[in-house]
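Subject: Structure for you to look at

Hello,

Here is the structure I promised you. Please open it first, then read my notes below.

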Amino acid sequence: MPVFVILIVVLVAFVTLAAILRRYKRCPSDKILVIYGKTGRSASAKCVHGGAAFIWPVFQSYAFLDLTPISIECNLTNALSKQNIRVDVPCRFTVGISTEPESMTNAAERLLGLTTANIQNIATDILFGQLRLVIATMDIEEINSDRDKFLANVSTNVEAELRKIGLKLINVNVTDIRDESGYIEALGKEAAAKAINDAKKSVAEQNRFGEIGKAEADRDKDIRIAETARDTRINTADANAKAVEGENNARIAIANSDALRREKEAEAARIAVAAEKVQAAKALEEAYKSERDAEFARAEREKATRQANIVVPAQIEKEKAIIDAEAEAEKIRRMAKGEADAIYAKMDAQARGTLEILSKQAEGFNQMVSAAAGDPQKAVLMLIADRLPELVKTQVEAVKGIKIDKVTVWDGAGSKDGKTSTANFISGMMQSVPPLDSLFKMAGMSLPSYLKGEPAESAEEQPKE
């Protein structure tokens, strides 16, 4: 028994140790270990780079952030510079998740669980915006000539924005800068023309120095010849003539060299002045074109502003009026439908009530017919007998309300049937009330004989007729 307990204790200890070892995570050098859950700090996650940490089960979990650099191509087009000239600046940025403590926390909060493509899309939006901002604060000459300043401004602005989401800028390369107006190309042509003019001027100066040296050498040669001739005291005319001719040739060569030098200098000056004027004219033309484009852009902006201030509110009011009208129409339709449903329910209830009354009456009449041995006529008589007091009361009420203030009767002796005029008057007035027999006949029925006051013999004979 104690051996069994020892084995169980050893097994539990082994399982516990294995679980602890499995929860102890080591972080590779190219990743960041993010521990989230109950971290025991005010931060939402704990970040570890180049180390290890124990992950508490149930209370904590973990994930990794990849530190592999991400290359992003930003081909920015139509960016507006400080001079209101549109330029194209194709760039390639290399970014990656920063290992600074604050930046790692930002990356854990904003980039954990995102794919490389998603991180690249977020960084691309930030890079485009900051690149446009930097270009808007610089002249084209600065962007084109002072690349170090441009890259420094881009790095400063981009680094600050990327740090907010846990990224850092590793490298930025600007391949080429172009503008739609050709301003940068004109600057290049101007520099090329200046270099060509300087080269031509240097060539002309070197040619001049060569011609002068040659002329001086020829002159020295002639002088030495002349001196040699004088030293040898050759007094012949030919020698003197040659000496004079040599001197004249030297002077002519010097004069020709000076003339050629002046001609070359004038030509070079003319070409340089013409090139400067051409470049100045092109610069003015580009400036005027840029101003014209800026005015067109301003006019479009004013047009858009007026449209946004006038047309858009009117469109909104129109849509609002349409929506209000539709809502009012829907309200009226719903009210009408409610009233129709109420009327339908009321009429349906009345019809059901009438149907119920008639059904009960029919059921009662059916029972009366059954009680009268199946004879409907006897059932009707039973109903009349039940209502007879009311019928008599109705006939009496017909003459009860008649007020006779004064009755004048001229009574004669020759009355018919032995009745007086007064008796005839009362009898006629009573006969004006519809008798029960007439009422029954109008209803398609016949009053029983014992209610008509007929003798029994007539009552027996009547059915035979």
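Start with the contacts. Among contacts in the chain with a separation of 6 or more, 65% are between residues 24 or more positions apart. Contact here means heavy atoms within 4.5 Å.

Some ground rules. This is a predicted model, in which local features need pLDDT of at least 70 and side-chain atom pairs count only at pLDDT 80 or more, while totals for chains, interfaces and linings use all residues. Residues are numbered from 1 along each chain as its sequence is written, and side-chain values use heavy atoms, with hydrogens and water left out.

Overall picture

The chain has 12 helices and 9 strands. Both are DSSP runs numbered from the N terminus: helices are H or I with at least four residues, strands are E with at least two. Of the 465 residues, 21% count as buried. Buried means under 20% relative accessible area, exposed means over 50%, and partly exposed lies in between (1.4 Å probe, protein chains only). The chain exposes about 32,800 Å², and carbon and sulfur atoms supply 57% of that area. Accessible areas come from the Shrake-Rupley method with a 1.4 Å probe; for residues, only the protein chains shown count as cover.

Helix α1 covers residues 2-23 and holds Val 12. Val 12 belongs to a nonpolar surface patch with Phe 4, Val 5, Ile 8 and Val 9. Together these residues have about 450 Å² of accessible area. Patches are made of residues with over 30% relative accessible area and no salt bridge; like charges are joined within 9 Å, and nonpolar side chains (Val, Leu, Ile, Met, Phe, Trp, Tyr) within 5 Å.

The sheet

Next, the strands. An open sheet is formed by 3 strands in the order β3-β2-β5, with antiparallel pairing. At the edges are β3 (45-48) and β5 (60-66), each pairing on one side only. From one strand to the next, the twist averages 25 degrees. Two strands pair if DSSP finds at least two bridges between them. Leu 33 stands opposite Val 48 in β3. Helix α2 (residues 101-110) packs on the sheet and touches β2, β3 and β5. The direction of α2 makes about 125 degrees with that of β3. Axes are lines fitted to C-alpha atoms, for helices over the stretch in contact, and angles run from 0 to 180 degrees between N-to-C directions.

The hairpin

Strands β6 (residues 70-80) and β7 (residues 86-97) run antiparallel, joined by 9 bridges. Ser 71 stands opposite Thr 94 in β7. The two strands form a hairpin with 5 residues between them. In the turn, Asn 84 has a positive phi of about 60 degrees.

Salt bridges

How many salt bridges does a search of the whole structure find? The search finds 13. A salt bridge is a side-chain nitrogen of Lys or Arg within 4 Å of a carboxyl oxygen of Asp or Glu.

- Arg 261 and Glu 265 meet at 3.3 Å, N to O. They are 4 residues apart in helix α7 (residues 237-371), so about one helical turn separates them. Arg 261 is buried at 19% relative accessible area, and Glu 265 is partly exposed at 38%.
- Asp 293 and Arg 292 meet at 3.9 Å, N to O. Asp 293 is partly exposed at 31%, and Arg 292 is partly exposed at 43%.
- Asp 348 and Arg 352 have their closest N and O atoms 2.6 Å apart. Both lie in helix α7, 4 residues apart, about one turn of the helix. Asp 348 is partly exposed at 26%, while Arg 352 is exposed at 56%.

Thr 156 is in helix α5 (residues 147-163). Thr 156 is exposed, at 54% relative accessible area. Thr 156 and Val 134 are 22 residues apart in sequence and 9.7 Å apart in space, C-alpha to C-alpha.

Thr 115 lies in the loop between α2 and α3 (116-136). Thr 115 is partly exposed at 44% relative accessibility. Thr 115 and Asp 66 are 49 residues apart in sequence, with 9.8 Å between their C-alpha atoms.

Best wishes
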